[in-house]
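Let's take a walk through this structure together, starting with an open space and then looking at helix packing and a few backbone details.

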Amino acid sequence: MNPAPSSSRRHFLKTTAAAVTAFNIVPRHVLGGPGFVPPSEKVNVAIIGTGGQGRTNVRNLLPLEDCQIIAVADPAESFSLENFYFKGMGGRLPVKAEIEKHYANKTPNFRCADYIDFREMLENEKSIDAVLIATPDHLHAYCSVIAMRSGKHVYCEKPLTHNIWEARHVARVAAETGVATQLGSQGHSSLGTRETIEYIQDGAIGAVKEIHVWVGAKRWNPTLAGKPTDTPPVPEGLNWDLWLGPRQERPFHPAYFPVAWRDFWDFGCTGIGDFACHDMNTAVRAFDLPVPSRIEAHAAGLMTGDIAPHGSLIYYTFPRSGLAAGDPHDMV
């Protein structure tokens, strides 16, 4: 028998040196340590919808060390938000650039993938753990259901859905898939909201019989009386068909995009789905209000089957604890 090949000192030093060298060149952002969270401990997040609120949410995620945004999806390449309260630029390319600039400080050569179609993103980016959805209202349920059925955890901006049927459907899918879900309502967590609830529940203002909530929201398109009739060209870089999603085909118009889609029943929920949900949140939580026993709504200004009114007056009647619905002492 031939003796087993011996391991020479030269061979030992050579292989050991190679191993040590390989170990030493592993970047710090991979190994972890002080100031660095290793990739295995991070939640990989994808953004669906990179308009004003999507961009705002991105800026709140970027400082989190245990979270990393790895992909964005939006049918719009870039667009101006200067005519709206967000200001600056929205769209997948400006937001992608902002993400890459931030992570480059700790992860050299970091790249954020970008997609026109969020379905392609979910199919191709296998390492996505969770998605943040900040699309127009009419796409919330559509995106949420597809993401959950892809096994992704979902954070969806308010309003959770465009209508009640969609909300029930999303709830069923969330229960079926077992993924983590959360509704995005930042006003819910604000310091002022929490302090106000504490004051009320502590009896600081005494017994409350009526609650008045006022929201200074109005139409983005004050002169329109319905759908716009002219047909300007679709802006370069916008996939209008994907933006419409499950809605019936219609010509592009700047009255819809960006932001102003809230004026139209097909896409938004007007001021109720925009600002009112934040401001009414405090009262609902402070008094632990149940489902209203009665709701009476009045349009303020012109309203059609296509376009929402300029404003509204809505009365919610809530039964007091221990009183039957419809009691004359109900809270309004």
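**A pocket, its helices and some backbone details**

The second largest pocket of this predicted model holds about 730 Å³ of space. Its lining takes in 42 residues, and those closest to the pocket centre are Gly-51, Ala-134, Thr-135, Pro-136 and Trp-261. Several helices take part: helix 3 (52–61), helix 5 (118–124), helix 6 (140–149), helix 9 (240–244) and helix 10 (270–286) are the elements that give two or more residues to the lining. Sorted by class, the lining of this pocket has 22 nonpolar, 11 polar and nine charged residues.

Two packed helices are described by the angle between their axes and the distance between the axes. On the helix 6 side, the contact is made by Ala-141, Val-145, Met-148 and Arg-149, while helix 7 brings Glu-166, His-169, Val-170, Val-173, Ala-174, Glu-176 and Thr-177. Taken by class, the residues of this contact between helix 6 and helix 7 are six nonpolar, two polar and three charged.

Now turn to helix 3, which packs with helix 4 (residues 92–103) at an angle of about 5°, the axes being 11 Å apart. That angle makes helix 3 roughly parallel to helix 4. Here Arg-55, Val-58 and Arg-59 of helix 3 make contact with Val-95, Glu-98 and Ile-99 of helix 4. The contact of helix 3 with helix 4 has three nonpolar and three charged residues, with no polar ones.

Helix 10 has a packing partner too, helix 8 (residues 191–201): their axes come within 9 Å and cross at roughly 35°. The crossing of helix 8 past helix 10 is right-handed. By class, the contact of helix 8 with helix 10 has three nonpolar residues, five polar and one charged.

Let's finish in the loops. Which residues does a cis peptide bond join, with omega of about -15°? They are Lys-158 and Pro-159, and Pro-159 lies in the loop between strand 7 (153–157) and helix 7. A cis peptide bond also joins Phe-257 and Pro-258, here with omega of about -5°. Finally, have a look at Lys-87, which has a positive phi of about 65° although it is not a glycine. You will find Lys-87 in the loop between strand 3 (79–80) and strand 4 (89–90).

Technical notes. Residues numbered from 1 in each chain as written. Predicted model: local features only at pLDDT ≥ 70, side-chain atom pairs only at ≥ 80, totals over all residues. Heavy atoms only, no water. 1 Å grid on protein atoms, 1.4 Å probe; cavity = no way out; pocket = protein on both sides within 12 Å on 5 of 7 lines; lining within 4 Å. Points joined across faces, edges and corners; volume = space filled by probe spheres on them. Helix = DSSP H or I, 4+ residues; strand = E, 2+ residues; numbered from the N terminus. Nonpolar A, V, L, I, M, F, W, Y, C, P; charged D, E, K, R; others polar. Contact = heavy atoms within 4.5 Å. Axes fitted to C-alpha atoms, helices over the stretch in contact; angles between N-to-C directions. Left-handed = near helix turned anticlockwise from the far one by under 90°. Parallel < 35°, antiparallel > 145°, perpendicular 65-115°, else oblique.
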